[in-house]
Amino acid sequence: MNLPLLSDQHFAFVAVLGAPNVGKSTLVNRLVGSKVSIVSPKVQTTRSRIRGILVEGTTQLVLVDTPGIFKAGRRFDRAMVASAWTEAEESDIRLLIVDAKRGIDKETGLILKNLSKNQTKCLLAINKIDLIPKDRLLPLIKELDKVGLFTEIFLISAQTGEQVETLKQALLNKAPKGFWMFPDDQLSDLPNRLFAAEITREKLMMRLQNELPYTIAVETTSWQEQEKSIRIEQTIFVSRDSQKSIVLGKNGSMIKAVGSAARRELATLFDKPVHLFLFVKTKENWAEDPAQYTAWGLDYNV
Ligand SMILES: Nc1nc2c(ncn2[C@@H]2O[C@H](COP(=O)(O)OP(=O)(O)OP(=O)(O)O)[C@@H](O)[C@H]2O)c(=O)[nH]1
Ligand SMILES: [Mg+2]
């Protein structure tokens, strides 16, 4: 494409905020038009900010997907939530997502309280409208409007795409004049090694039950790009030996299923056959290891 003249360029950071599981990552992927952030039916899927980049006309938007905000206890959870609030403060535009079905639950209530304290103006998107009859939305819209923080309200389904284009145009129109910060063909700022680890973590989150998804971390330990394929080695960290056997599964069935799902998706995403090797290691208290925080741009001391 022809780059717009510098004097014509518009640019904005858009922080996408909300309670866990409301559909922030699904929306960011849809707006970018490509998968940049992993999605799962479980809460706390996103663990750090993920930037997706969107270009249209003279405007470049950086959509910042953030971890869901909730009342966090553990150090790692506190770091995730803190990173979401940092993005909220540092962005040009804030977009709050509320789940149409859950409405103003405990987590969203907490977010509204915090935003109100600082009188932070936001755009609001009520998401998952495909799940409830339209007439049931009215009381929720009224209640949210009363909060007095929202300059515009959108009713969307990130999953089906309903009204996402309207929201996108509104975001594009809000971007002030400013130079683009990324190349026009870049979709995300996450390095391939980290993104590949995320894809494997997504497959684990889909399959593991109860607390287990929250006690694992994935690291890409080797990445060899060859002419016709990519060879990737990753380590899955669990915090106790007993969890290792669950991740491996009976006769290795779980790790095999995770590996082949991840490998298939990586091959599509990177447009090359992928050879993926997964190892499972016990690392007690990986969530207390400062290196894990640095890798993901999280603050250890919150
Ligand atoms: N029916 C329906 N489901 C949706 C919609 N948007 C997202 N979902 C589903 O909601 C679940 C959570 O979606 P995510 O995009 O991972 O939510 P998130 O807000 O990023 O979650 P965290 O990263 O955990 O904070 C997934 O199962 C999605 O498929 C929607 O518009 N309609
Ligand atoms: Mg997410």
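The volume is the space filled by probe spheres set on the points, which are joined across faces, edges and corners. Its lining is made up of Q44, R47, R74, F76, D77, Y214 and W286.

This is a predicted model, so to speak of local features takes pLDDT of at least 70 and side-chain atom pairs pLDDT 80 or more, while totals for chains, interfaces and linings use all residues. Residues are numbered from 1 along each chain as written, chains are lettered from A and ligands numbered from 1 in written order, and side-chain values use heavy atoms, leaving out hydrogens and water.

## The largest cavity

About 90 Å³ of space sits in the largest cavity. Lining it are R47, F76, A197, E198, R201, A217, V218, W286, Q292 and W296.

## Around ligand 1

Ligand 1 has 23 residues around it, and K24, T26, Q44, T45 and D130 come nearest (near means a heavy atom within 4 Å).

As for polar contacts (pairs of N or O atoms within 3.5 Å), a polar side-chain atom of T46 is 2.8 Å from a ligand 1 oxygen. The side chain of K128 has an N or O atom 3.1 Å from an oxygen of ligand 1, and a backbone N or O atom of A158 lies 3.0 Å from a ligand 1 oxygen.

Technical notes
Polar contact = N/O pair within 3.5 Å; in protein donor to acceptor, adjacent residues only side chain to side chain. 1 Å grid on protein atoms, 1.4 Å probe; cavity = no way out; pocket = protein on both sides within 12 Å on 5 of 7 lines; lining within 4 Å.
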